[in-house]
Amino acid sequence: MLLRHTPKEITERKSLTINPVKTCQPIGAMYAALGIHGCMPHSHGSQGCCAYHRSTLTRHYREPIMAATSSFTEGASVFGGQANLVQAIDNIFTTYDPDLIAVHTTCLSETIGDDVNQIVDKAHKDGKVPAGKYVIHCSTPSYVGSHVTGFSNMVKAMAVQFAQKTGKTNGKFNIVPGYVEPSDMTEIKDMVKTLGIDPILFPDTSGILNGPLTGKYAMYPKGGVSVKELKSTGDSLGSIGLGTLASADAVRALDTQFKVPCQVLDLPIGLLATDRFINTLRTAAGVCVPDAITQDRGRLLDVISDMQSYLYGKKVALAGDPDQLIPLTEFLVTIGMKPVHIVTGTPGKAFTARIKEITARFGDDINVKGPGDMFTLHQWIKNEPVDLLIANTYGKYIARDEDIPYVRFGFPILDRVGHAYFPTVGYRGGIRLLEKILGVLMDRQDRDALEESFELVM
Amino acid sequence: MTGKRTHTVNPENIKKEILAKYPAKVARKRAKQITPVTEDSGDGLQVGANVRTVPGIITQRGCCYAGCKGVILGPTRDIVNLTHGPIGCGFYSWLTRRNQTRTASDQEDNFMTYCFSTDMQDEDIVFGGEKKLKAAIQEAYDLFKPKAISIFSTCPVGLIGDDVHAVAREMQEKLGISIFGFSCEGYRGVSQSAGHHIANNQIFKHVVGLDDSVMDAKFKINLLGEYNIGGDGFIIEELLNKCGIDVVSTFSGNSTFDQFANCHTADLNTVMCHRSINYVADMLEEKYGIPWIKINFIGAKATAKSLRKIAAYFEDQALIDRVEAVIAEEMAPVEARREEIKKRCQGKTAMLFVGGSRAHHYQELFREIGMTVISAGYEFAHRDDYEGRHVIPDIKVDADSRNIEELEIQKDEKRYAPRKTPEQLKALEESGVPFKAYDGMMPEMTKGSLVVDDISQFESQTLIQMYKPDIFCAGIKEKYAVQKHGIPMKQLHSYDVGGPYAVFTGAINFYEEIDRMLNANIWQYLEAPWQAAPELSATYAWE
């Protein structure tokens, strides 16, 4: 047993986190910054932060993840990181020639109180930022929120630090896709365009974190939202933010500062959340929904109805991020499953309230916790076993010990491929989620079947 | 990668090309860490090392915490390793290093699959985190009743002044188990190397010597600086056992608290990774009288040489004979496989930028299959790892090294027992078993090669474009950028998903892995047919 020390009996823990379902802000900021074309993310802290974030993102995407660091030493930690950051800005533009640098802070630079805004000003005054190049920045203390918070902070920074209002509309909609995979970003763009709407999607990691092998390395691959597009977000007709925690701050800031009206929706995962997404876009832009989208919806419904018997009443345990877990739980309920244990590491009261609302039909016997950890989730499972576990890669240890069918979903996925290429958002993404869930459930039925009841046709 | 592969590039020109790109100040600094080898051997050349990375220059390096928690204590299975800090550091160092461990049964402690953190929040940063740390230790104790708990400090801990050592003492007194802390904040030192040192010092101070029971074995050694990545430690120990040699303790692959506690009862220390552990070998000699030798179990010939050194040390003819028999038995299949694979790898070129010893050790394996190492360098080594231990007295102690504690070691009055007399040591040295000796990487670098310390992203890209190596070895952060060039990239930190590569059976694994990577079909298909011949010369079939 790999998690042999996890007892069934649950005791209260107030200070010790075991097997977290979250990580720290800066990695989210780095991921978001990679979704701008020609951008070099920069970590203002000690080297280790940047190395850890790059390693984790690299393992998750199997793609180059380039980012720089202020390489704090003890001296910089005592005297402040201004000299390091100004020098870094100079060196990055000279050596790596990006269009912009996106600086995020760390617990180190936050604790010593570095004022990044002032340091960037100084870099400009010292002539370290070449003409036509930019430095944007956001504050991402690791001791507040989670990686989702860091993503949100960087997305907000890229919007408000670039947006301009010329008074002339660009005829576009800002779409903030949330902390989702590059494949999901492509799918969201496709849906919006199919509706006849011209989007500015930011950030957009598609093409950057699922790039082709060509024999030529490009430090800044094709893809990403351009600085020009980001500047234009202040002239858009409206903004839609997907996922409250990851996207609301950015679209609300554009609303407040540039009077671009916004709506915040759940991530379009599953039937109903995608319905709301399409319906909102349709209403906001005043367009008709083309048949192609309605057909996709029908196909998802078709698969659900065909496979009901394998799904109905099956108990599910889930670990992940709130923006994903809310529509995912809703989807599981929609298809007849019973999510019984749901945990996120990201703090925020709204999460538990939403989950309880979605699972209200099951009464009060649902375990939901935010912030909680995977140790608690495992203990819940020991007390009330489930038929399916949906979690990131770390879920494999629970799945193995408890022998539970398991679908990898969320961040990070370090031991399988697919997430960068095949979306789980939208109606088509819903079919992929179903395929994955049915795959593991039916494999289990095959594995456990008696010889006489081993079915050819299922 | 398209274009002719060559290694007849002048390394001095490459150095110039690299430096030309940097701002003047950076160029001056980097110049000291880039050493072209223009004579037949790099012996005697200086390589600047263990100095600060320039901010903004994309580095391979990580931090002190990574070296302490991730590298040294990561592979110890029965200590509850508690990260005191915000969640990230604990999360990223959770199971990502492929240290394997093997317990005899489910009853034995193994906490390596768990991540323990105090998950500090803003109120802990403002009001101090000691209270939360104490409570977390209590909760860990109540849940697991471990024999030891260790505390790892992350950047903010040092800045806000939490005294993890005082908390450790207090909780040790209260709970009656071993509890110790590490001041391994990420900003200390200039790389992971500082963290190795801090980790090893604390293990030496708090654990080594706690258990005096002596293993019932004739030839007892410690294996220092072997981390059991991909199971290397397992097959090294199997081979040693086959020879009749027993391992008291490994620092720190597949290790336990009790092994550390007992390591002073061994009769010889063998050092694999010189960088991360040579000072522990020195301390064990000073305090307990155990001599140390440098060994290398990477490469079949190096393995044979290392086994012979160990056997010679014990001066026992039966052991010497048995070692020779084992070498003969193990070497035969290695040679057979090697000759077959060599045909496909001969003359190809490799670059190695990794670690504090592997960029040196793995050159053995490449040479065995006929390949040439055209450029190499370490990520976090010191000058002695390049130039040999004779330069240690010349190394300037700078501000960054000064704040890494050096322990003052005294002879242990009761337990100091020299394993050999000075005369015996001298005789052994004369017969070819040098003690406390390591010549470093430089003597093995050949003419035309380039040594680069703490290589940057821009520098590796330039080397790839100019030298066009057949294979490049580094870590996960470099892997896919290299492969986008169309050049296979082997991770030599984590071994990708491969290994073990140590000793004889591991050598075969490595030859086969390099054969697969160099000769895989995929690299031939980088161009689509329409890219290879874009002009439309044929007629349409349906015309």
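Predicted model: local features only at pLDDT ≥ 70, side-chain atom pairs only at ≥ 80, totals over all residues.
Chain A comprises 17 helices and 14 strands. Its C-alpha atoms occupy a box of roughly 80 × 55 × 45 Å along the principal axes. Among contacts in chain A with a separation of 6 or more, 73% involve residues 24 or more positions apart.

Chain B contains 22 helices and 14 strands. Its C-alpha trace spans about 90 × 65 × 50 Å along the principal axes. For 543 residues, the compact-globule rule gives a radius of gyration near 24 Å, and the 25 Å of chain B agrees with this. Buried residues make up 55% of the 543 residues of chain B. Of the contacts in chain B between residues at least 6 apart in sequence, 77% join residues at least 24 apart.

The domain assignment divides chain A into domain 1 (25-156), domain 2 (173-290) and domain 3 (293-451). The centres of domain 1 and domain 2 of chain A, taken over C-alpha atoms, are separated by 24 Å. Contact between these two domains involves 21 residues of domain 1 of chain A and 23 residues of domain 2 of chain A. On the domain 1 side of this contact, helix H1 (25-33) and helix H7 (147-160) of chain A each supply at least two residues. The most is given by H7(A), with five residues. By class, the residues on the domain 1 side comprise 13 nonpolar, five polar and three charged.

Within chain A, five strands form an open sheet with parallel pairing, in the order S12-S11-S10-S13-S14. Strand S12 (367-369) and strand S14 (406-408) of chain A each have a single partner strand, so one side of each is left without a neighbour in the sheet. On average, and with direction ignored, neighbouring strands of this sheet are turned by 15° against each other. Strand S10 (residues 315-320) and strand S11 (residues 338-344) of chain A run parallel and are joined by six bridges. Within this pair, Ala319(A) has Val343(A) in S11(A) as its bridge partner. Helix H13 (residues 322-334) of chain A packs on the sheet and touches S10 and S11 of chain A, its direction making about 175° with that of S11(A). Helix H15 (residues 374-383) of chain A lies across S10, S11 and S12 of chain A, at about 155° to S11(A).

Chain B likewise has an open sheet, here of six strands with mixed pairing, in the order S1-S12-S11-S10-S13-S14. Strand S1 (34-36) and strand S14 (489-491) of chain B are the edge strands, each pairing on one side only. S1(B) runs antiparallel to strand S12 (residues 450-452) of chain B, and three bridges join the two. Pro36(B) stands opposite Leu450(B) in S12(B). Helix H1 (residues 11-21) of chain B lies across S1 and S12 of chain B, running at about 155° to S1(B).

At the residue level, Cys50(A) was examined within helix H2 (residues 47-61) of chain A. With 31 other C-beta atoms within 10 Å, Cys50(A) is buried, because the criterion for burial is 20 or more. Its contacts, leaving aside neighbours within four places in sequence, are with Ser43(A), Ala67(A) and Thr69(A). The C-alpha atoms of Cys50(A) and Ala68(A) are separated by 6.9 Å, although these residues lie 18 residues apart along the chain.

The contact between the two chains takes 63 residues from chain A and 68 residues from chain B. The side of chain B that touches chain A has 37 nonpolar, 17 polar and 14 charged residues. Strand pairing also links the chains: strand S1 (residues 17-18) of chain A and strand S3 (residues 116-117) of chain B pair in the antiparallel sense over two bridges. In this pairing, Thr17(A) stands opposite Ser117(B) in S3(B).

Note on methods: Residues numbered from 1 in each chain as written. Chains lettered and ligands numbered in written order. Contact = placed C-beta atoms within 7 Å. Nonpolar A, V, L, I, M, F, W, Y, C, P; charged D, E, K, R; others polar. Pairing = 2+ DSSP bridges. Helix = DSSP H or I, 4+ residues; strand = E, 2+ residues; numbered from the N terminus. Axes fitted to C-alpha atoms, helices over the stretch in contact; angles between N-to-C directions. Domains from an automatic or database assignment. Rg over C-alpha atoms; globule rule 2.2 N^0.38 Å. Buried ≥ 20, exposed ≤ 12 C-beta atoms within 10 Å, placed from the backbone.
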